[in-house]
Amino acid sequence: MNDSDLGLLEVDQLSFAYGVIEAVKDLSFSVSRGEVFGLLGPNGSGKSTVVRLLSRVLTPHGGRVSFAGRDLGTYSREELARQIAVVPQETAIELPFSVLEVVLMGRSPHLGRFGFERAEDLAVAHRVMEQTGVSELATREIHELSGGERQRVILARALAQQPRMLLLDEPTAFLDIKHQVEVYDLIKALSRQNGLTVVAILHDLNLAALYCDRLALLKSGHRFCLGTPEQVLTYTNIKAVYETEVYIGLNDLTGKVHILPLDAATRQRLEAERQDRG
Amino acid sequence: MPVLMPHLTKRKWLLVNCLLLLGLVGSIIICTSLGAVPVSLVHAWHAPSVDNPDYVILVRTRLPRVLLATIVGGALGVAGAALQALLHNPLACPHILGVSGGASLCGIIVLIFTGTAAASLTGFLRISLVSLAAFLGAVSTTLLIYRTALNHGRLQPYTLLLTGVVFNAFCGALIMLVNSLVDFYQSHSILFWLMGSLAAQDYVTVSAIGFYVLIGAGWLITQSRKFNLLSLGEESAAQLGVDVETLRRGTFLASSLLVGAIVSVSGMIGFVGLIVPHLLRLLFGADHRLLLPASAWGGAIFLLWADTLARTVVSPTELPVGVVTAMCGGPFFLYLLKKEGRKAFSR
């Protein structure tokens, strides 16, 4: 697969600046239907801005985004909400909504102005709650839940929108390892079985290697490289973008690359060895 | 846990609204017959003439007052619920945010400075002029407080409440200043703004206020589902199809219309918009499709009884109704601050 294949999502020369600070610069990539696409990069590299641009919370200053062959700007907000759903890093809800009510909010783009949820909307809600493992929590109040439970409820809410594409902004940043894996297992399964397209921001390079079909590595707003996890997650790329040295190995069990950080003592030892050789 | 169901159904919506509406009609009937002079509704109904004292008291003083309490209470309930949704702050209400104070100040200034000119106007026009001034006061206060509390695109709940409280005190001081500069008769009418009163108004005034309240509350209720989505945060709401900026502007305008209209006839009546949505949320859940209309009925019932208490408890004299609502609301606010404050301010 290469960039010239016409994808579901086409991002072309996208640019955006907050005032004078350029957050995204001439960014291009394309994502095919059913693909799990990862956006990587250090803090402040523009990943979250990309998600905001793709969900039209922000309007690009340059370039264009097209979704399913149509310019993103030509969609109405509700229309777009039926196509693209977003799971943010964290959601704070102060009002005492029940879990089921929060999940049903995902049906909103499918209802009329005064509409109440119909039987089919409830069926969708119960199905996605089953998938995300929050069915037992249905009657609980959202702010009684733990961070992990709440995040799975928000994922269920996004899936209830029945979108063609899911945008994830580090959705598992605050989850423990078991729940991280569960969330990505589910997302991967949905992409394989239902053709759901996923664009995910990840901080965890190992999760990216494990679950993403392709990755884009961002450095201060522009695309540093793009390709399969094996092509992108190399010692030189990571050193250039994150400005630190890592250990990269191959996990025998998964067949994927894995990345481990190195402490200062080890980095200094490597440096000394290199100087000895050099 | 909200009673009945974990989510809102059409049946629950109808049931709760009908119940509250029944409660309101019942309250109107009972409160109309209660007062310094008890009135027999049956007697008034059977002999509708000026010779019948029951009929005269009912039609000339009791009924307009009861209707005004219903309208003002309903408007305060809806405005409180909508502002709480918009500002993500369960402690918000027009009074605490200083919106009522700003509206009162502008209303009073226009009332004083157009004194003679306004006196020549009658009925609907005169009420509309003061309402318009109070509305403009409410809009500018809302915007000022919102802008002050907005920090890097995020509403600071603590700043929001503090700004409101300070602004309210500031407006109160300015009103006292105006009060000390004008003559005795005008000063008497200013005092009523500060304490809040639903004392007898004519039917033209009541229907004029009813008209504005119907527009403002009606619009807010049609936006109910968007308020639900807003509780996920502005960005998530936009990603679910809500035009957040339009909703925000509309809500500021509509709630200012409500506050402007009611402040211009009843002065500053506090805490209704705080207590009512809160109790209803505990009872029936947080869904705004039910909460907003329920807050209208609930606010009306609450203020109706508060006003009945105000005019009967020390009869033949009256307490200002604002005193009654504040006596319920003050302790309730402190309780909420203790309970909700930690959650709201820990963000």
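Which residues does B:Ile262 touch, not counting residues up to four places away in sequence? I looked this up before anything else. The list is B:Val72, B:Ala75, B:Leu76, B:Ile209 and B:Val213. Touching, or contact, needs C-beta atoms, placed from the backbone, within 7 Å.

**Ground rules**

I note that this is a predicted model, where local features need pLDDT of at least 70, side-chain atom pairs count only at pLDDT 80 or more, and totals for chains, interfaces and linings use all residues. Residues are numbered from 1 along each chain as its sequence is written, while chains are lettered from A and ligands numbered from 1 in the order in which they are written.

**Confidence**

I checked pLDDT, the predictor's confidence in each residue, from 0 to 100. Chain B averages 85, and 93% of the residues score at least 70. Among the elements of chain B, helix H5 (residues 115-120) has the lowest mean pLDDT, 59. Helix H14 (residues 288-312) of chain B has the highest, 95. Helices (H or I, at least four residues) and strands (E, at least two) are DSSP runs, numbered from the N terminus. For the complex, the predictor gives an ipTM of 0.89 and a pTM of 0.88.

**Core**

I went back to B:Ile262. In the largest nonpolar core, which has 175 residues, B:Ile262 is one of those with the most contacts, along with A:Val103 and B:Leu258. Helix H3 (residues 53-86) of chain B gives the most to this core, 15 residues. Such a core is a set of buried Ala, Val, Leu, Ile, Met, Phe, Trp, Tyr and Cys residues joined through C-beta atoms within 7 Å. Buried means 20 or more other C-beta atoms within 10 Å of a residue's own, exposed means 12 or fewer, and partly exposed lies in between; C-beta atoms are placed from the backbone.

**Where the chains meet**

I looked at the contacts between the chains. 27 residues of chain A are in contact with 29 residues of chain B. Helix H2 (77-83) and helix H3 (99-105) of chain A each supply at least two residues of the side of chain A that touches chain B. H3(A) gives the largest share, four residues. By class, this side of chain A has 15 nonpolar, six polar and six charged residues. Here Ala, Val, Leu, Ile, Met, Phe, Trp, Tyr, Cys and Pro count as nonpolar, Asp, Glu, Lys and Arg as charged, and the others, Gly among them, as polar.

**B:His88**

Is B:His88 buried or exposed? It is buried, with 22 other C-beta atoms within 10 Å. I found B:His88 in the loop between H3 and helix H4 (99-113) of chain B. Not counting residues up to four places away in sequence, B:His88 touches A:Glu94, B:Leu155 and B:Ser231. B:His88 and B:Pro157 are 69 residues apart along the chain, and their C-alpha atoms are separated by 8.0 Å.

**Strands of chain A**

I traced an open sheet of four strands in the order S2-S1-S4-S5 (chain A), with antiparallel pairing. Strand S2 (21-31) and strand S5 (70-71) stand at the edges, each with a single partner strand, so one side of each is left without a neighbour in the sheet. Strand S4 (residues 62-67) of chain A pairs with S5(A) over two bridges. Strands pair if DSSP finds at least two bridges between them. A:Ser66 has A:Asp71 in S5(A) as its bridge partner.

Next I took strand S6 (residues 84-87) of chain A. A:Ile84 and A:Val86 point one way, A:Ala85 and A:Val87 the other way, and all are buried. S6(A) pairs with strand S7 (residues 165-169) of chain A in the parallel sense over four bridges. A:Val87 stands opposite A:Leu168 in S7(A).

**Helix H5 of chain A**

Twelve of the 14 residues of H5(A) are buried, so this helix is largely enclosed by the rest of the structure. The buried residues include A:Arg150, A:Val153 and A:Leu159. Their cover includes S6, H3, helix H4 (119-132), S7 and helix H6 (177-194) of chain A. H5(A) is followed by A:Gln162, whose phi is positive, near 45°.

**A:Asp26**

A:Asp26 has a positive phi of about 45° although it is not a glycine. I placed A:Asp26 in strand S2 of chain A. A:Asp26 is partly exposed, with 14 other C-beta atoms within 10 Å.

Technical notes: Two residues are in contact if their C-beta atoms, placed from the backbone, lie within 7 Å.
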